[in-house]
Amino acid sequence: MSSVKSLAKDTVYYGLSSIIGRFLNWCLVPFYTELFLPPEYGVVTLIYSYMALTLVILTYGMETGFFRFANHDRYPDPMKVYSTALVSLGCTSTVFIAAAMIFISPLSELLKCPHHHSYAALMAVAVALDAFTAMPFSYLRYRHKAKRFALLRLLNIAINIALNLFFLIACPWLWRVAPATISWFYDPTFGIGYIFLANFISSLLNLVVLRPELRGFRWRFDRHLWREMIVYSLPLLVLGVAGIMNQTIDKMLLPALVSDPASAMTQVGIYGANYKIAIVMVMFIQAFRFAYEPFIFAQSKERGEDRLQAYRDAMKWFVILGMFIFLGVMFYLPVLRYFIASDYFSGLTVVPVVMIAEFFFGIFFNLSLWYKLTDRTHWGMWFSLLGLAVTVVLNVVLVPHIGYMGCAYAALGCYTVMMLTSYFVGQHFYPIGYPIGRLCLYFLLGMALYAAGELAILPHPAATMALRTVLLAAYAAVVLRIENMSLSRLFPIKKILLRR
């Protein structure tokens, strides 16, 4: 029991650092969209999409391989495993930087910044540094130093945000009032390049603060061990690449598929900015994931119907809360839209589609417990590859006709197929008996209320918002009624006051 409690405590630190980090980075979006036009922000969106994919490739599953072999009976010295992994990642990251510098021109063309090679160079070095430092962060997790892990992650994000504010707000102001103070390093025409420079500096500082994890042991490279780690990790690379491409390939394909090439980067920028509004659902899923994985493995030790009922309840409340978040965002979108600049409002139509897509991905993650508990993790790879195929086909078919909306529908199609196939295959290997009728009821109720809220446009915006608030309250009331629950059971304020 103590190990489960330790895992849950560590999960809180890892979860908070990830969720807070996502939220803080999310807060940069309105800042960027106010400063830069859609074509410029499109370049930012595209480059970060390629960065996410490159990071997965450059770590090639070595983090999980380290955990596996650092606890292997045949390798009693975990520091040899750690050192071997560090040398491997250090070499591949160095080779990547060299290749990027050699092929900087075609790389810049791919990233849609052909006249700004420095953008591509900065991001190539930054992602290589991130790939290398992924191993020291894994070592912190191995040593159960969750507090230091979270602190360093948040420090890195804070530095990145501070540098963004310095380069994009403070420096332009100083350039107007006292240009001599910054003329030795600041170029006002560098524009979005300062976003990439801030990222590069924060990644470099990451390496500096992780120095304690890079010394105090003998650096060794065991070729036999390395071959075993590579054989173990490469299937995870396939799974990781398929997973990240499901999230990013739409932004990569969009510039090549739109019918009007002149508007390509504008569409990428608009789509990327509006997708960020849906990150409220992504953050909910992220929080759920950090809590859910230790939960399912802890419950797997239980016997009988109680264990299965716990899985059913977890799915049920995920659907209930997920639909509540969807309705909350959609009903208050007239206010939330000011999260981005008005130049990007034309893309608000993607928000409901991508939110439902992310909601379906969350259900897929819930369903994934069957192949994790039965050691059939290869099914996760097949589901991800199937989703990737659906994403590519739908993007190719839809984007030339409906632009970035095709990307949104492709994401919805991808996660719908992954969700359904995981459910039906899981019914064969590990049937749980989810209350499908009730889950569909909550989903359809949420969609019906969303439709009602969209149709109920009153003369005064405040009246419309008030009506939508009533509809949101109605959803909560119906759920509580069906679940035979009351607000006093959910929030036992009276009991808390009596204890005081």
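Biologist: Which residues of α11 are buried?

Modeller: Buried means under 20% relative accessible area, exposed means over 50%, and partly exposed lies in between (1.4 Å probe, protein chains only). In α11 the buried residues are A264, M265, Q267, V268, G269, I270, Y271, G272, A273, N274, Y275 and I277. Since 12 of its 14 residues are buried, α11 is largely enclosed by the rest of the structure.

Biologist: What should I know about the model and the numbering before going on?

Modeller: This is a predicted model, in which local features need pLDDT of at least 70 and side-chain atom pairs count only at pLDDT 80 or more, while totals for chains, interfaces and linings use all residues. Residues are numbered from 1 along each chain as its sequence is written, and side-chain values use heavy atoms, with hydrogens and water left out.

Biologist: How many helices and strands are there in the protein chain?

Modeller: Helices (H or I, at least four residues) and strands (E, at least two) are DSSP runs, numbered from the N terminus. The protein chain has 22 helices and 0 strands. Of its 500 residues, 49% are buried.

Biologist: Where is the kink in α17 centred?

Modeller: The bend at a residue is the angle between axes fitted to the seven residues ending there and the seven starting there. In α17 there is a kink of about 30°, centred on N395. N395 is one of the buried residues of α17, which also include G380, F383 and V399. Just after α17, G403 takes a positive phi of about 65°.

Biologist: How is a pair of aromatic rings described?

Modeller: It is described by the distance of the centres and the angle of the planes. Rings of Phe, Tyr and Trp (its six-membered ring) pair if their centres lie within 6.5 Å; planes under 30 degrees apart count as stacked, over 60 as edge-to-face and the rest as tilted. By this rule the count comes to 36 aromatic pairs. The rings of F31 and Y32 have their centres 5.9 Å apart and their planes at 40°, so this pair is tilted. Both F31 and Y32 are buried.

By contrast, Y41 and Y344 form an edge-to-face pair, at 6.1 Å centre to centre and 85° between the planes. This pair links distant parts of the chain, 303 residues apart: Y41 is in helix α3 (residues 38-59), and Y344 is in the loop between α14 (333-336) and α15 (350-367). Y41 counts as buried at 4% relative accessibility, and Y344 is buried at 0%.

Biologist: Which residues do ring pairs link into a cluster?

Modeller: The cluster holds Y48, Y119, F166, F167, W175, W184, F185, Y186, F190, Y194 and F196.

Biologist: Which ring does the charged end of R153 sit over?

Modeller: A charge sits over a ring if NZ of Lys or CZ of Arg is within 6 Å of the ring centre and within 35 degrees of the ring normal. The charged end of R153 sits over the ring of F137, 4.0 Å from its centre. For K251, the ring is that of Y275, with a distance of 4.2 Å from its centre. Y275 is among the buried residues of α11.

Biologist: Which residues is N156 in contact with, leaving aside its neighbours within four places in sequence?

Modeller: Contact means heavy atoms within 4.5 Å. N156 is in contact with S202, S203 and N206. N156 is found in helix α8 (residues 146-177) and counts as buried at 18% relative accessibility. Among contacts in the protein chain between residues at least 6 apart in sequence, 82% join residues at least 24 apart.

Biologist: How many disulfides does the structure hold?

Modeller: A disulfide is a pair of cysteine sulfur atoms within 2.5 Å. The structure holds 0 disulfides. C27 counts as partly exposed at 36% relative accessibility, and C440 counts as partly exposed at 40%.
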